[in-house]
Amino acid sequence: MSGMSRIVKTITNVAFPFVMIYGLYVIAHGHLTPGGGFQGGAVVASGLAMILVAYGSIWVVGKVKEKHLSVLESLGAIGFISLAFFGILLVYLYSSFEGTFFSNFLIGQDTIPIFNEIGKGLANINTAGIIPLMNFAVGLKVIAGLFVIVLVMAYSTRIKEGK
Amino acid sequence: MSGRNFAAIIFFAIVAVFLVFSALMMHPFGEFDEEHYPEMDQYIIDNTQNETGADNGVTGVVFDYRGFDTLGEATVLFTAVAGVIILFRRLKK
Amino acid sequence: MIYNIPYIAVVALIMIGLYAVVFKRNLIKIVIGILLIENGVNLFLITLAFRQDSIAPIYRGTGSRLMSLPVPHALTLTSIVIGVAVLALMLSLIIHIYRHYGTLDARKIGREEE
């Protein structure tokens, strides 16, 4: 597949920013509204798959290599696990914390003034401790993972159909 | 041909009978009596706003109460991506 | 009896999927059957999570109402992501099988060509 017609490309150009913004909104508000890292990541990855269908896999591979996407996915996984281990680390640095593996160490303290409030209702994005950060890490992982699956499968099955 | 089909039909019939009877004998949809009261879920609903700070109860469960589950899920996704890339490694050019 | 309709829908999904897995010979149809079974299991978990007159377990400002159970929702989320991963691996293996054997019939692959 080497791209579709001009109508499809134009409609994709119009619809692509809205899909991206909606997916990133779902990721960023994962602790307040329905959604989260996995769902928002799936929305963003489907938008990228729309680009892949409209412009063809050869054009997309010319823009972004799957090696870089794999690095991005590993970065998301490392961020997630290091956030999980950070609760243990903070016990040794500050004696006032009580942390275990996967403990929500940012909630209910005043040392680090970010994400440390308890959520009461919508529009309070500065809440819920490490849950938004974990949402971003998992969202990055899901975006890169799903897009690299679709990209590799589309680019590898191109050969027989092209010739 | 016929022997294999016969065994498949017997297996399918047994599983279908068990599934239909278990569906008819479930508790009524949406009702919980005193014996099967969901204590753990009620605790999570009551305390998720004060313990995790999240308004969304499902996100509180996924990333805080059951973080190990999410860690295993991320591992499964990573393994699937690695498997797909390895399977299409030689077909690249 | 009328309250068991969601469970009957679950059983119908699982039985259609099981029929496709057991009786069909095309690998793509077998994969579709596996996905139908998985969707039936997801629907079963969501059905178990529902309480009468309940809303989704999300706090919206003040006021508290009866909420449905959050733990089956989280397990369903895990199950969906694992299903996507397994689907990607199955389709990749099917592409390789088709390239190697030239067919998708489950009873012809794996045998030597005589």
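Chain B contains four helices and zero strands, where helices (H or I, at least four residues) and strands (E, at least two) are DSSP runs numbered from the N terminus. Along the sequence, chain B reads α-α-α-α. The model is predicted: local features need pLDDT of at least 70, side-chain atom pairs count only at pLDDT 80 or more, and totals for chains, interfaces and linings use all residues. Residues are numbered from 1 along each chain as its sequence is written, and chains are lettered from A in the order in which they are written.

Of the 93 residues in chain B, 40% are buried; buried means under 20% relative accessible area, exposed over 50%, and partly exposed in between (1.4 Å probe, protein chains only). The accessible surface of chain B is about 5500 Å², and carbon and sulfur atoms account for 67% of that surface.

The loop between α1 (2–24) and α2 (39–51) of chain B holds Glu34(B). Glu34(B) is exposed, its relative accessible area being 74%.

Chain C has three helices and zero strands, in the order α-α-α from the N terminus. Of its 114 residues, 39% are buried.

In chain A, helix α5 (residues 131–156) has 26 residues. Because 22 of the 26 residues of α5(A) are buried, this helix is largely enclosed by the rest of the structure.

Note on methods. Heavy atoms only, no water. Expected span 1.5 Å × (residues − 1). Areas by Shrake-Rupley, 256 points an atom, 1.4 Å probe, with all protein chains shown as cover.
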